[in-house]
Amino acid sequence: MTPGRRKAGGTLTRTRARAGDAASAAEVPSDVRKRLWWVLGLLALTVLLSACSGYKPQNTFDPAGQPAQEQKNLLVPVLWIAAGVFVIVEGGILLISIRYRHRKGRERIPKQIHGNTRLEIGWTIAPALILAVIMVPTVSMIWQLAAVPANAMHVTVQGYQWWWGFQYTDEDMRTAFGDHGPITVADVLVVPAGREVELSLASEGGGAHTTDGIPDHMVIHSFWAPRLFGKQDVVPGRTNHITFSTDQPGVYWGQCAEFCGLQHGRMRFRIAVLDAQRWDAWVKNEKLPGVTPTDTLAKEGMNLFLNGVSSGGQCIACHAVGGTAASATAAPNLTHFAARTHECFAGCDFETFLPDGSPNYAALTAWLQDPNAVKLGAKMPDYDLTPPEIDALMAYLYSLT
Amino acid sequence: MATATVPTRRGGILRRPTATTGFWSWFTTIDHKKIGILYGVTAFTFFIVGGLEALIIRAQLARPDQTLVNAAQYNQIFTMHGLTMIFLFVMPMSAAFFNYLIPLMIGARDVAFPRLNAFSYWVFLMGGLFLYSSWFLGGAPNGGWFGYAPNSTTDPTPGMTFYALGLLITGIASSAGAINLAVTIVNMRAPGMTLFRMPVFVWMGLVVQFLLAFSLPIITVALFEMLFDRRWDTAFFDPTRGGDPILWQHLFWLFGHPEVYILILPAFGIFSEVLPVFSRKPLFGYQFVVFSGIAIGFIGFGVWVHHMYAAGLGPVANTAFGISTAIIAIPTGVKIFNWMATMQGGDLHFDTPMLYSVGGVAMFVIGGLSGVTHSVVPSDYQQTDTYYVVAHFHYVLFGGAVFGLFAGMYYWWPKVFGFRLGEGLGKLQFWLMIIGFNLTFGPMHILGLEGMIRREYTYPAALGLAFWNEVASAGAFLIAISVLVFIINAVRARVRHRPLETDDPWDARTLEWTTSCPPPAYNFETIPVVHTLDEFWHRKYAEDKEGRLVRVPAGASDDAPAPAVGHAIHMPSPSFWPLVAALGLPTLAYGAMYSWWIVGLGALIVVVAFTGWALEPGTAE
C-alpha cells in the first residue's frame, strides 16, 4: 500500500469521490497483479520448504504400519478435495475482490440483487454430496478399526504419571521366576514384526501413595505412536483397545496425547519392533529374573536397592526387580533396565545409552540426584543419595541386562 | 419499558443516583450503550492479557527444549490463555456489540432489563478478576480450559477450584445477559420491525442468546460437580468410587461445542452487516443466511462427541457424530457462498471494516475445511490433540471471530465515539494481522501432522519440529505488533478527534445509523417505523422511472426525523445495586474456598443488594 494510493482511495475522500463523474476502468492494474505474484511466490516457497525436511519420528504422513497407513490413505484424498474447495472459494473471493473493487471516480450503484433460490439449493446440495462421498469410506473404516483380530498378541498398556508400563498378558509370555507373572517392562514396548498386537489401555495412577488401596493420580492419558497408529484415550475405569502391526523392524516414537498434568509434555515412549530372531532372544531374556551382579560396586548397589539407602529411602517402595524382594508396581519395573531395547528411561526423557552404546551415566546421575530438578513434579523422591551411593546404584542398574 | 410509570419515593437510603456523566456515572450506569463500552474496554484489556500469555507460550515453544517457563507455569499460562480468550475476551466483546447495537438496530431505547444488564457486566468483570486473583492465591487454573477430570479434580493446587467458581460467576453474567437480550429482541422491536426485517446481526444475536441459555446450564452442572469433587470430596468423576471421568467430557462438550458457535456467530452477524454496506448491495439470500445460522445453532448441540472420538465410546457413537460433524459444514458453507454472492457484482469499497470482513471470511474458510477433516473419524485419531487442532480452531476463532470483531470495531467506531479510526493505520494493522496470523497458525497444521501434541510445554529437538515452531513464534510477535498498531490508532484518533462529516459515514443500511454519532441516551428522538429490510437504505435510495436506483434528496423522505423532543423522553435512572449485587458473587466464591464466614458475608451482600434493587424507586425524582 503506497502512501499515494492510500491518500487517493482513502475513506475520508470517498463520499466526495462518489459524487464525481463515472470513469471506465476494466483491466486489473499492474500493482494488484504484482502483489498477487508475490503471494503466489511465497506460497510456492512455503511448500518447497516443507517438502525438503529431515526425518521426523512422529510424522503421521510417514506411516510404517497399520492402521497408520490406512489412516493416512483416508486423509490424503480428503485433503485434496479440501484443497480443491479452497482454491475455488479463496480464488473466488480474490477474483471478486479485484474485479468489483471500487475505482476512484467511477461512481455507480450496483444492481440490487436479493438472492436466487436455485443457487441456494445448488450450493446446499453440492457440499452435501461431497461430504456424503467422504463419509462412505470414513464410516466403513470406523467399524474396521473397531474389529479385533483373532490371533493377536495381547499387551496391557499402563499409563502412569508420567511414564508408560507394558504387561505381556499372553500365556506364553509368563516369566520363569517367582509366581510366573507376565513379562513387565517400562518406557519401551517391544513387539515382533509382522504380528498383530492388541493393546488394552489402563490408567494406573502413579507414585507410591494410595488412598484406601487405590493408587493416587489416576488420570486420563492417550496412547499414540503416530507412525503406527492413531491415538486412543487411557481412561480410568475403562479399557480401550488399539490393534496395530508392522512389517518393518525399527524403533518408533510415541507419547501421551491427552493432557495428564504437570509433565504431560514429557510422557514419552518408544516401540521397538524386532525381527523374529531378535524377538525370540528378547522374550527368552525377559523371562529371566534380574541378574545378580558379581562386580563389587554393583553388589553394593544391589544391597542399597533392596535394603535402603543412607537417608532411609527405600527404592523397593515403588520399584520391582524380578527374582528379588522388590516387587512394587508404582514405578517402572527395572528387571531388565540395561537391556539394549530399553533405550530410554523416566518417561523416555533420557537415553539409557550414549550413541556409542556405553551407559549414559550423566543422565542417570542427574535423575538419581534430584528427580525434580530435571523433571519438575516427578513422583520419584529425592533420597539425598551420596555420590558413592549413586555410583553403586548405577553399577547395579546397568548390570540388569 | 423506560416510560412505564412506577410509584416513586423521594430521598432515603434507596435514593437513586442521578449522574449520567463523569467518572462515577460509569459505576451506576444502566444505559446499554455505556454498558456496551464497559464490556468492550474490559474485554479488550483481557485480550491484551491473553495475548501476552500467548506470547509467552510462543516464546517457550520457539525452540526445542526451552526453559523460559517450567511445566507448572506453562500449564497455568496455556490454561489461562484459553479461558481468557474465550470467556473474558470473545464472549464479552460479542456482548459489547450486542449490548450497544441490538437496541439501536431494532429501534428500541434500551434493553428490556437495564439494571440486569448492568448486573451482567459487573458479574462478568468480577468473574474475570476472581479468575485472575488465582495467580496470587496459590496458582492459576492449570488443567486446560476443558478441565478434564480426574486430572482437574485431583490436582493439588487451588487453580481448578478457581476455574470452577470463576466460570460459574461468568456463567451467571452470560445467562442474565442472554435472557435480557433475547427478551429485548423478541419484545422491543420498533413498529414494523418484523423478525424478517431484522438485521442479520440481530438474528445471530438471538441465536447466540438461545445457545447460551441452553448450554450454560449444562456447564453449570459440570462445574458444580467439579467443585464438589474438589472441595467436599464427592466422587462424580472418580471411577474408583463409582463415578465416571467420561461424564465430565459429555457435560463439558455438550456445552463446549455450542460455545464454539456462541463465539463465531456474532462474527457471522458482523460479516453479514459489513459486506452489504461496503459492496453497496443487499445481503444475498437473507433468509438463507438467517436460517443457516439457526440450523448451525441447532446442529451445534449434536456434534460434541467429535471432541471425544479417542475416548472409546465405540463405533456407533463415532459414526453418528462423524456424520453430524460433516452435516454442520453444510449451513456454514451456505453462509460463505451467500457472502461471496453479496460481493459479486458489487461496488466494493475496501475500507478497513471491509478488509477485515473479507479477510475474516477467507480465513474462516480454511478453518471450516480443516473442520471437515474432523468428521473423518479414523484419520482424526491421528490429528486429535495435536497442533493440527490448534491450527483449526484458531482459524475459526481468530480468523473468523476475532477478525469479525475487528471488522465490527472499525465499522461501528464512528457510531460509538463520533470519530473514525485512522484508515491508513487501520489498513496497516489489517495486513500485519493477516500475515502474522497465517505465519502463526498456518504452520501449526504441519506441526500437528508431524506429530506435535497440544499442551506440551516443550519438545525434544529430535522430533524435527523446530523450524515451523520458529516461524509460528515469529508470526505471533507480528500479531502483537498489529494489536499495538490498533491501540496507537485508537489513541491517535481520540487525540485528533476529527468529528464526522455526517452521521452516516459508510452509507449504511440499518437503523443504528439513522440517529446521531454517538447516539443520545434515548437513542431515537422518535421511535422509527420500519417498512422493509434495510430500512435506512430504502429511505436514502429509491428506483427512478427506468428502474435504476437513485439517491432520494435529503428531507424528501416521509420518515424525515420529527422535531427534537429529547428533553421529554423519560429514561430509567442509574442504580448502584447491580454493582453491589455483583460484588456478592466473588465473595461467595472466596467463601466456598476459604471459610463459611465469608460465604455468609457474600450471601448478606447479595440479599441486601437484591432487596435494595427491588425496593428502590423507579426514578430519581
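Let's start with one residue pair: Pro192(A) has Leu274(A) as its bridge partner in strand 12 of chain A. Strand 12 (residues 268-274) and strand 4 of chain A run parallel and are joined by five bridges. Helices (H or I, at least four residues) and strands (E, at least two) are DSSP runs, numbered from the N terminus, and two strands pair if DSSP finds at least two bridges between them.

This is a predicted model, where local features need pLDDT of at least 70, side-chain atom pairs count only at pLDDT 80 or more, and totals for chains, interfaces and linings use all residues. Residues are numbered from 1 along each chain as its sequence is written, while chains are lettered from A and ligands numbered from 1 in the order in which they are written.

Back to the sheet: it is open, has three strands in the order 4-12-11 (chain A), and its pairing is mixed. Strand 4 (188-192) and strand 11 (250-255) of chain A are at the edges with a single partner strand each, so one side of each has no neighbour in the sheet.

Now for where the chains meet. 83 residues of chain A are in contact with 81 residues of chain B, contact being C-beta atoms, placed from the backbone, within 7 Å. Helix 5 of chain A gives the most to the side of chain A that touches chain B, with 16 residues.

| Element | Residues |
|---|---|
| Helix 4 (chain A) | residues 68-99 |
| Helix 5 (chain A) | residues 117-146 |
| Strand 9 (chain A) | residues 229-234 |

Terms used: Two residues are in contact if their C-beta atoms, placed from the backbone, lie within 7 Å.
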